[in-house]
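Biologist: Please take me through one part of this model at close range. Pick a part, and then show me what surrounds the other features you find.

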Amino acid sequence: MTTPLADRIALVTGASRGIGFATAKALAKAGAHIVAVARTQGGLEELDDEIRKEGGSATLVPLNLTDSDGIARLGAGLHERYGKLDILIGNAGVLGPSSPIGHIELKTFNDVMAVNVSANFQLIRCMEPLLKQSDAGRAVFITSGAANKATAYVSPYAASKAALETLARAWAQETANTALRVNLFNPGPVRTRMRATLMPGEDPATLDTAEQVAEFIVPMCAPDWTETGKFYDYKTRSLMSFRSPA
């Protein structure tokens, strides 16, 4: 079995289920040591069992990403233990309410932004120095088509993903002349708990699995990946560039 990511350290947020769980497993299978971050201890332990079964290794970090000091401590811990970070997968996210904008409480809106935007901002701040210590730092953030469609009735989620995309693109520009590559990945409809919550009447058998999606994220984390500031659309299997509205 080839291990193109051997000796690389990969931090995956939202690793206890769904796309984060599947991506962590896929990266481990490719040889990376996984630093798995999630709120759910049980889900992390299940991931650890799955990774070890296939001969991989993981460090489990139970952490609520709204704890910005906790993210800073994680960065300090990674620096002390490894002196670098090779891969950052910003996957953790919450859907928030499915409701008209006027019916959404401010606190509820802020709670969505805290996880989907502010936590990723803090991850960037705290992990950038470590990623720059890698010979080929790679960051991939999981976004959604809701960001550019401005999907009705999920406005906090759509707004948060639009903000995340802009944050990642700005970071990609700032680091364009370094070895760090920063990109976005849009999985589209996938057989996950979040999708089932949003679309309870949908037949999950009609959707691709998180494992299928993860196989397309792994190449974006490899040292030979050269693109930055791009958007990979899983549904069309295409890498896209952002452009200004016509």
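**A hairpin, a helix pair and a cavity**

Modeller: This is a predicted model. Start at the hairpin: strand 7 and strand 8 form it, with four residues between them. In that turn sits arginine 237, whose phi is positive, at about 55°. The two strands cover residues 230–233 for strand 7 and residues 238–241 for strand 8. They run antiparallel, and four bridges join them. Look across the pair: tyrosine 232 stands opposite leucine 239 of strand 8. In a regular strand, side chains alternate between the two faces of the sheet.

Now turn to the helices. Two packed helices are described by the angle between their axes and the distance between the axes. Take helix 1 and helix 8, the latter spanning residues 210–217. Their axes come within 8 Å and cross at roughly 55°. That angle makes helix 1 oblique to helix 8. The crossing is right-handed.

The structure holds one cavity of 30 Å³ or more. About 50 Å³ of space lies in the largest cavity. Its lining includes Lys25, Ala28 and Lys29. Glu50, Ile51, Glu54 and Gly56 line it too. Helix 1 (18–29) and helix 2 (41–53) each supply at least two residues of this lining. The largest share, three residues, comes from helix 1. Sort the lining by class, and there are four charged residues, two nonpolar and one polar.

Note on methods. Residues numbered from 1 in each chain as written. Predicted model: local features only at pLDDT ≥ 70, side-chain atom pairs only at ≥ 80, totals over all residues. Heavy atoms only, no water. 1 Å grid on protein atoms, 1.4 Å probe; cavity = no way out; pocket = protein on both sides within 12 Å on 5 of 7 lines; lining within 4 Å. Points joined across faces, edges and corners; volume = space filled by probe spheres on them. Nonpolar A, V, L, I, M, F, W, Y, C, P; charged D, E, K, R; others polar. Pairing = 2+ DSSP bridges. Axes fitted to C-alpha atoms, helices over the stretch in contact; angles between N-to-C directions. Parallel < 35°, antiparallel > 145°, perpendicular 65-115°, else oblique. Left-handed = near helix turned anticlockwise from the far one by under 90°.
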